Amino acid sequence: MDALSSCNFTSKPQPKSPNLLHPPHQTLIKTLENDSFKINSSPAPIYPLASPKKKPKKFHEKDTFPNSIPIHRKNPHAIYRDIQKFAIENKLKEALAILDYLDHRGIPTNVTTFSSLISACTRAKSIEAARQVHAHIRINGLVENEFLQTKLVNMYAGCGSIEDAKKVFDDMSVRSVYPWNALLKGKVTLGHRNSGEVLGSFLEMQASGVELNVYSFSCLIKSLAGNRALRQGLKTHGILIKNGLMQSDILKTSLIDMYFKCGKVKLAHAVFKDVEERDVVVWGAMIAGFAHNRLQWEALEYMRWMVREGIRVNSVIVTSILSVIGEVLARRIGQEVHAYVIKTKAYSEHSFVQSALVDMYCKCGDMISGRKVFYGTAVRNTISWTALLSGYVANGRLEQALRSIVWMQQEGFKPDIVTVATVLPVCGKLKASKQGKEIHAYSVKNGILPYVSVSTSLMMMYSKCGALDYSLRVFDNMERKNVIAWTAMIECYMESRCLNEALGVFRLMQLSKHRADSVTISRISSVCGQLKNEKLGREIHGQVLKKDLTSIPFVSAEIVRMYGNCGAVSKAKLVFDAVPVKGSMTWTAVIEAYGGNGEYAEAIRIFKKMVSDDFSPNQFTFKVVLRICEQGGFAEDALRFFSLMSRKYRIKASEEHYGSIVDLLTRLGRTEEAERFVQLRSSLLD
């Protein structure tokens, strides 16, 4: 199918039209004159995608007080109320202008006004405005005010500047629990980068004699959850029990979240059982925890339980459960939730709920319903457009996905980092290097490129388009490479069949400060197998054992497959036997190892053992087994396995499955049976 460049633009789709389900094609052209892609078509006119930026109007006093007496005639308390009003409305520019005026006139500002301004800066996360407000506090001689100092610590932490927060904190003569909590919260907000600092600050706070409260422990537990620090989490749980703080539902909810994120579902459930009055937050933590651990049906069951208990479902839980429904393809349940959203009119107006509905229907393969929800939404945004675009990708409608990035700009929405990272793989699959380069230019123009997810997506896109040199340029220009970027570069060389170069990248990575993770180990094991480099493969196997990665299915499967490709079937079997928890991936790998080395009967025997031991083979397992039957001439086994696949395991036969059966029967002279499978393939696949 032609890529986007072959599409003709006929008319501009009208925004917000529920009947417009098939907007026409357009052509993307790269532009660096504005922040968006332009639409180029001939002979139709060019439609600008974004309104030209207006020159900011110069600020005047009359703009601040348009409907009141001049500022110099106002009572100071009236001016304070005006500043507070602007702060509540998040109009920091206007509020700071009045503050400058008061400063120039030598009129002092009170604590309440500064408190409102600090809150506004925290909400806006504006570090520039925050520093201006702090400067005015110094000018007014209120820098020693304990209340304002605490709020300043919280403000700087909320704006992401821990350094400034720490400076204010260090200057405080008296430190109560509140500035300590503000500092903890700021470090938690920064995530895993400051996990050690969070614990260090907590211990320092404890040693200073400050009386810890519920919020102090809540911040610590949240940090431990984000870093999956189970051992420290268990110690903290013990301290809470010892100090009689387990009556707090806030802490119990935090512990539930922490145990779920550490993969300890039973411990989370034990804490949940101890909660006497379960509110919507506790139920939401359980549902989100089950979803996080891929226990989707348990999440659905707990939502039903929650409803039976008479707890009203909020918009956050609706969004979470819609994602779960999409993953298990439970479209009918999704329709029930959709009906609830329509009935609850307030939720119908939430854009993130509407986006979740679009995503759910698309994941269930119901693009018609997904598009109806999307085009029926009163207010669309970048998130809802990205949900629809992802739906097109998931359902194989790649051309429409690529065109959607144009349509969303016609409605005035700029693609964000998630949109760009979603559409770049589409360019790779379609070999649409022209559109990929345009998106690359857009990412540079809009400051999206430094994000690793975008850079790695660009690298993979270029490699799939056959432009490996571009992939290397993107990689070399990355300021901060991490293990994901290194692994992506290895993938790029593998995509281009440059396996020795992939090994070279892996060696350079080992010399850097980054260490290979499970994905990197898996990919480099595949390279060793394809090169039949058993010596290096053994070294990689040693790293797997050292890092205790054998329990990860795709890692152990690749090690088994690597030994099989190198002809060391006995070693592949030893690795397989040592895997503590076997799944379909490891079973398939060992079957493939025997089949690839001509031991067809043994491969069939292992497959039969897999089935008898109640392991469920997937479509890839049957693909390998049927190919082995074809190579070994096991016609009866092949027919029996094909029937087992479709009847017992409900796996839809693919072109490759049918191909193996037809080729085998034809080679053995059973042409009538082969013809019957050819006809069956034509009727089912069409």
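**Before starting**

Residues are numbered from 1 along each chain as its sequence is written. Because the model is predicted, local features need pLDDT of at least 70 and side-chain atom pairs count only at pLDDT 80 or more, whereas totals for chains, interfaces and linings use all residues; side-chain values use heavy atoms, with hydrogens and water left out.

**The whole chain**

Display the protein chain as a cartoon. It has 38 helices and two strands; these are DSSP runs numbered from the N terminus, where helices are H or I runs of at least four residues and strands are E runs of at least two. Of its 686 residues, 48% count as buried, a term that means under 20% relative accessible area, with exposed being over 50% and partly exposed in between (1.4 Å probe, protein chains only). Among contacts between residues at least 6 apart in sequence, 60% join residues at least 24 apart; a contact means heavy atoms within 4.5 Å.

**First stop: helices α7 and α8**

Select residues 162-170, which form helix α7, and residues 177-189, which form helix α8. Their axes come within 10 Å and cross at roughly 165°. Axes here are lines fitted to C-alpha atoms, for helices over the stretch in contact, and the angles run from 0 to 180 degrees between N-to-C directions. The crossing angle makes α7 roughly antiparallel to α8; angles over 145 degrees count as roughly antiparallel, under 35 as roughly parallel, 65 to 115 as roughly perpendicular and the rest as oblique. The crossing of α7 past α8 is left-handed, which means that the near helix is turned anticlockwise from the far one by less than a right angle, clockwise being right-handed. Show the side chains at this contact: Ile162, Ala165, Lys166 and Phe169 belong to α7, while Pro179, Trp180, Leu183, Gly186 and Lys187 belong to α8.

**Second stop: an aromatic cluster**

Next, select Phe260, Phe272, Trp283, Phe290, Tyr302 and Trp305, which form one aromatic cluster. The structure holds 21 aromatic pairs. Rings of Phe, Tyr and Trp (its six-membered ring) pair if their centres lie within 6.5 Å; planes under 30 degrees apart count as stacked, over 60 as edge-to-face and the rest as tilted.

Within this selection, examine Phe260 and Phe290, an edge-to-face pair at 5.2 Å centre to centre with 65° between the planes. The pair links distant parts of the chain, since Phe260 is in helix α12 (residues 249-261) and Phe290 is in helix α14 (residues 280-292), 30 residues apart. Phe260 counts as buried because its relative accessibility is 2%, and Phe290 counts as buried at 5%.

The contact is made by Val280, Gly284, Ile287 and Ala291 of α14 and Ile317, Ile321 and Val324 of α16.

Then select Met306, in helix α15 (residues 296-308). Is Met306 buried or exposed? Met306 counts as buried because its relative accessibility is 0%. Beyond its neighbours within four places in sequence, Met306 is in contact with Val280, Trp283, Ile287, Ile311, Arg312, Val313 and Ile317. The C-alpha atoms of Met306 and Val280 are separated by 8.3 Å, although these residues are 26 apart along the chain.

Move to helix α24 (residues 433-445), where Ser443 is found. Ser443 is buried, with a relative accessible area of 0%. Not counting residues up to four places away in sequence, Ser443 touches Val420, Ile448, Leu449 and Val454.

**Last stop: Ile628**

Finally, select Ile628 in helix α35 (residues 619-632). Ile628 is buried, at a relative accessible area of 3%. Apart from neighbours within four places in sequence, the contacts of Ile628 are Ile591, Gly595, Tyr600, Ala603, Ile604 and Phe634.
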